[in-house]
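We will go from stop to stop, picking residues as we go.

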Amino acid sequence: MMRCFQISVIAFFAFFNTLLLSAQTQQDSSHVLPQVIIQAFGQNRQQKEVSAAINIIEQAQIERYNNTSLLPAINSTPGIRMEERSPGSYRINIRGTSLRSPFGVRNVKIYWNDIPFTDPGGNTYLNQLSYYNVYSMEVIKGPAGSMYGAGTGGVILLNSLPDTRTAGADVAYQYGSFGLHSINAQVRTGKEEHHDIFSYSHLQSDGYRDHSNMRRDVATWETRIRINDKQQLSASVLYGNLYYQTPGALTRAEYNNNPKAARPAAGAFPSADGAKAAIYQQTFLAGITHNYRLTEQLQNQTVVYGAFSLVKNPTFRNFEKRTEPHFGGRSVFTWQHNIDQTGLQVLIGGEAQQGFFNTKTFQNKNGNPDTLMTDDDISNRIISGFVQTDIRFPFGFTINAGVSINHSAVTVTRLSVPSFIPLKRAYNSEWAPRLALSQKLGSHMQVYTSISRGFSPPTTQEILPSTSVISLGLEAEHGINYEAGIKSSWLQQRLYIEVNTFWYQLKNAIVQRRDASNADYFVNAGSTRQQGIESQASYYWLRNETGLFTQVRTWAAYTYNHFRYHDFKQLNTDFSGNKLPGAATNTFSAGADITTKPGLYTNLTWFYSDPIALNDANTDIASSYNLFGGRIGWRKTYHKTTLDIFAGADNLFNVRYSLGNDINATGGRYYNTAPGTAYFAGIIVRPGF
């Protein structure tokens, strides 16, 4: 069956390519699509010219779903999977990175408006951003440490607003299944020299499962000041207040009997409701960015930020309270020069982060802290410096080479133990090089190949797991990634096709384990081999036409993963050769977007996932599933005011599946049921000033 599926997908892409290449190649110049510019690695080039596997998710792709989450837009692209164990609880899985993420976002570096959003402990509170805090994103898949430091999974660059900002306002309201309510308001003031954006968003839901309520409020202020022709200053300030209940994972029998149920009481452990299991999370972040063009050839961008997070987490086993203040900055000098027809660009920069965390663990008494178990101060420090050179020869050949040197250290002081001597761990200075070569083949196609090395030290949550053991013996994991790909754009950019293949060797892989009491802990698991193919294609059948249909676009994305443990033994059990749990072998998504002159539009999406291994032994498997959803609406502009009225449904055929499995869970508690059929409807009003 798997072989038939792969053959059918390949045949689809072959037919898609042949059909479109046979289409009329002479198009009106007014129908040429705008260029997609990539910011990653400081290249500022068209998507088809960048020698890296990067997923671009723009506003149009984000807005075609339910306007509450980035998840469906991310999952429609190849090589990355966003998971939601319960409303508000997210994980990011890039090429198998969820292996070490029982919860939260780890092993993936994230920036928001150029500000490091990943804290120095290696954790990212992605759930603290609302849907409306992201306008576009770039996902770098695989090691990118040559410029972005720690993280073998990849990097995500988030931007909240477009480069061009006009005065006006947005007001949006949405209602949906399971008690969904969403409100967003934004006001934009000022002119080109100085403008401000104030926004507030509120989201609440009762959840599909029992004990899965959530509520999130996010307020932001963003400003940009043009000091003069050479200098520009911008700032981003965010405050988020998030609460969500955690229903816990189910066994297969519980999942089949009542997929909406929360985890029941078991043995000495209370039920999810009895434990009042939940996350209370507040985050404040403020960052300032200064862009300075020193000369025509030399410019600098410097970012400084400070952040504070407060997290309270009553669980089945305990009650955890974390305070996490941290600060840092990043500075990059860019020098560009042309020698005859050869372009040269050199980037030199550095990044540093320092955290002063405190984690207290109590016994949980009906959702309240009881007896103190541990009280730990954690000091995290990360420092990196990097240099990157980009040479573009006139015959279409490009060399992109970079390297970084990175230092990280952690100190843990257990205040709950008298006369405790602080434990320190300074990880070896890590070199992270990257070399990429690319060659244009005519004006429509580019081939590229790259090799890169990445590393990832253990995160704070891995050093201090729920077993209360301080795990400073964990080693950083290291990986070497080999990659090759082809990118092509045809028919005046109406057709875009991209295919890449990778071979990734990871050593000292950090994986999660659970003891007999279901407490998580982490070990270095030997080595893995992660190989795959990622492909995507899109075509605008119509664009900016004057007839009834003004735009018609179809797209598809396919991912093949061959992820295996290469050398991994646990006590007397040898898992070598087994599939890595948490990743499907095949995934496929496709969709169609249609817009009409009267303003009516529709967005249709289909997604398929292969079965997923749930444990290292591969004895338990989550079933494959197909999802179908869509959105219809009417969007029109009158006298500078745009009105958008829409409605839609997710999981239209009410498929039962788990979106975010607890891998290697004790007692087979793997399943976090995703919502069944969910309907939504909303209205957006955008008056212009």
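This is a predicted model: local features need pLDDT of at least 70, side-chain atom pairs count only at pLDDT 80 or more; totals for chains, interfaces and linings use all residues.

Residues are numbered from 1 along each chain as its sequence is written, and side-chain values use heavy atoms, with hydrogens and water left out.

Select I92 and L158 first: of the 39 residues in the largest nonpolar core, these two touch the most other members. Such a core is a set of buried Ala, Val, Leu, Ile, Met, Phe, Trp, Tyr and Cys residues joined through side-chain atoms within 4.5 Å; buried means under 20% relative accessible area, exposed over 50%, partly exposed in between (1.4 Å probe, protein chains only). Another core, of 18 residues, lies apart from it, with I38, F41, L347 and F386 among them.

Next, pick N500, which counts as buried because its relative accessibility is 2%. Leaving out residues up to four places away in sequence, N500 has contacts (heavy atoms within 4.5 Å) that include R95, K141 and E483.

Now for the rings, which pair if the centres of Phe, Tyr or Trp rings (for Trp, its six-membered ring) lie within 6.5 Å; planes under 30 degrees apart count as stacked, over 60 as edge-to-face and the rest as tilted. The structure holds 23 aromatic pairs. Show Y565 and F568, a tilted pair at 4.9 Å centre to centre with 45° between the planes. Then move to Y625 and Y657, whose centres are 4.5 Å apart and whose planes are at 25°, so this pair is stacked. Both Y625 and Y657 are buried.
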